[in-house]
Amino acid sequence: MFIAAFGCVYLHLQKKSEKPYTKSASKTGRLAFLRRPVLVMPTLGIVTLTELTFVAMFIALLIWSLGNYIYTSYNGHLHMDKGVEVWQAKFRSVSLRLGYVGNICWAFLFFPVTRGSSILPLVGLTSESSIKYHIWLGHISNLLFLLHTIGFIIYWGITHQMSQMLEWSSSWVSNVAGEIAVVFALAMWITSFRPIRKKRFEVFFYTHQLYAIYIIFYVLHVGAAYFCMIIPGIFLFVIDRHLRFLQSRQRARLLAARLLPSGTIELNFAKSPEVKYNPTSVMFINIPSISKLQWHPFTVTSSSNMEPDQLSVAIKCQGSWSHRLFQSLSSSSSSSLERLEVSVEGPYGPASSQFLRHETLVMLSGGSGIAPFISIIREIIHEANLQQPDTAASSKFPRMLLVCAFKTSADLAILDLLLPLSLPPTFHLPPQLHLQIEAYVTQDHGLQLDPSHKLTQTAWFKPDPLDSPITPILGSDSWLWLGAIIASSFAMFLLLLGIVTRYYIHPIEHGKDGPYHFSYWTLWEIFLMCTCVFVATSGVFLWRKKGGAIEGWQVKSMEIPTPTVSPGSWFSNVEERGAESIPHRSLVEATNVHYGARPDLRKILSECKGPDTGVFVCGPRKMRHEVANVCASGLGENLNFESISFNW
């Protein structure tokens, strides 16, 4: 908790002092090899040397802890029930210690899913990139808890104590609470495996919402002492979850929606200029008219610097939720919809854009995987526009190579999103910017536009007094306010816990009515934790909201031109049509379209001869793994690998 609180102060100072595109920052130095992929497996994904080192250390910790627990138990602390043989007592001890080790996993389980935490940015991670750690910890802990449960059931069976399964002890752990927790854990665990998660996402999503009940019964089972071992992760998660709840109660002002022939949707929101985020950020969206409970993460394609008053996200129709959204927008006969109610959480992303500080950026994408690269390109275009072409500062911008693979010609329309709607068609790329786009259409051998595909449609939404621009939940100095919430709520928790223990629990514990009920003690900790978090978080939120209302920010109107030609044709037959008649001509001239071909990723990467090349890949798992294998093979020491995956 100390690290989380002071980490907020550090991130605030880092945010204030960060300078855009300092060329010396691009040098990764001798530590670059730590980020290289060393293990690429379908089950584990892409594992770098740093990750592999920490995984090995963590497994060593678990093995040492289990061995130490068992050794201590076997040498003078072996629990012996009446009429139980030594080997049976040892079997019980091993089963018990497996649960202890699982509790160690729980101490780290919630850090990766705390989206607004300061812990992850301190080590250069984001919640989206850390989801795999949550998955790994979940698998290990559930396996240990399952063995722990089976072991005790076997022990009770061979010692004729099956009645213990129904015991809720007032002086020790509750077996019933543990069994209920395991039932919820198994439901969440089974539905989280990739085949079910991918094909039945709704089943995975709704089952995972049982986590609150799981936590309560788990804590009731382990007791107050072992709850203290895992409380930092849960405490920070509860703070983050309550902040997300407060933000989601505000309806976001949706300005417009662009529907592309490829089945891609771009939603444009109004936002406060105070909302700052870095490229590759994501935002969670809820549309009650489609589902009141489902929240889905989508990539932010806009740049907070280029578009200070707007924020856009890209949505590819791949599931039932996104298809229903596309149909509801495209089926409207009116060119101006009344309103679409939307709630948002975020945006969330890297705390710094230092990962872009390379002399060359190679961005490899498949399908909708191009979305995070749109925000990168927009950000660099904005920075280049601020510099004069012939100044020394103009040479610091990286050379960019975007390699994107699509299935059909209609998918080329997503390239229209490289530039925001607010830019006029006559916009030219800055001359000091080096951008090359290589687009591959794998299934079509030429430009084949389906007559059934409509041109790009734009749906406009009328303003509503109930809607408001997206604003930072804690204001412009959000890291400082988050640190204040963490410090004040945890200090309040410790103070109240001490008061309750000293003046309420302690007299009962040492009085004639003692000992105090084991489960009640745990419930006090849960209640005080939630109360302190809600009071501190709500207080700061309301204070910041009042300040924001005083400042007052008016939503600017936005005029959106509707294209009159098929967007896919903007990137083909330029010579025949005449370059002057093409919207965003400089962008089209930087684009080469290859029909009926797939990108040779190994060849593309081998031709990158710059001394410092950042390799970014986002797309299908097979594509990410292929690029990781190329970078891990030692093809080039200059290749700095970075995988961007939003596929849980």
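Q: Where is the place of His160?
A: The place of His160 is in the loop between helix 5 (131-158) and helix 6 (175-190). Helices (H or I, at least four residues) and strands (E, at least two) are DSSP runs, numbered from the N terminus. This is a predicted model, in which local features need pLDDT of at least 70 and side-chain atom pairs count only at pLDDT 80 or more, while totals for chains, interfaces and linings use all residues. Residues are numbered from 1 along each chain as its sequence is written, and side-chain values use heavy atoms, with hydrogens and water left out.

Q: What is the phi of His160, and is the residue buried or exposed?
A: His160 has a positive phi of about 60° although it is not a glycine. Most residues other than glycine have a negative phi. His160 counts as exposed because its relative accessibility is 74%; buried means under 20% relative accessible area, exposed over 50%, and partly exposed in between (1.4 Å probe, protein chains only).

Q: And Thr280, buried or exposed?
A: Thr280 counts as buried, since its relative accessibility is 11%. Its phi is near 75°, a positive value in a residue other than glycine. Thr280 is found in the loop between strand 5 (264-270) and strand 6 (282-286).

Q: Which peptide bond is cis?
A: The bond from Gly346 to Pro347 is cis, with omega near 5°. Pro347 is found in strand 10 (residues 343-348). Most peptide bonds are trans.

Q: In which sense do strand 4 and strand 5 pair?
A: Strand 4 (residues 254-259) and strand 5 pair in the antiparallel sense over 5 bridges; two strands pair if DSSP finds at least two bridges between them. Arg258 has Glu266 of strand 5 as its bridge partner. The two strands form a hairpin with 4 residues between them, and Gly263 in the turn has a positive phi of about 85°.

Q: What about strand 5 and strand 8, over how many bridges do they pair?
A: Strand 5 and strand 8 (residues 310-316) pair over 7 bridges, again in the antiparallel sense. The bridge partner of Leu267 in strand 8 is Val313.

Q: Now helix 3: is Gly99 buried or exposed there?
A: Gly99 lies in helix 3 (residues 86-109). Gly99 is buried because its relative accessible area is 12%. Leaving aside neighbours within four places in sequence, Gly99 is in contact (heavy atoms within 4.5 Å) with Phe145 and His148.

Q: Which residues are buried in helix 8?
A: Phe204, Phe205 and Thr207 are buried in helix 8 (residues 201-208). The buried residues of this helix pack against helix 6 and helix 7 (194-199).

Q: Last topic: is Leu13 buried or exposed?
A: Leu13 is exposed, with a relative accessible area of 53%, and its place is in helix 1.
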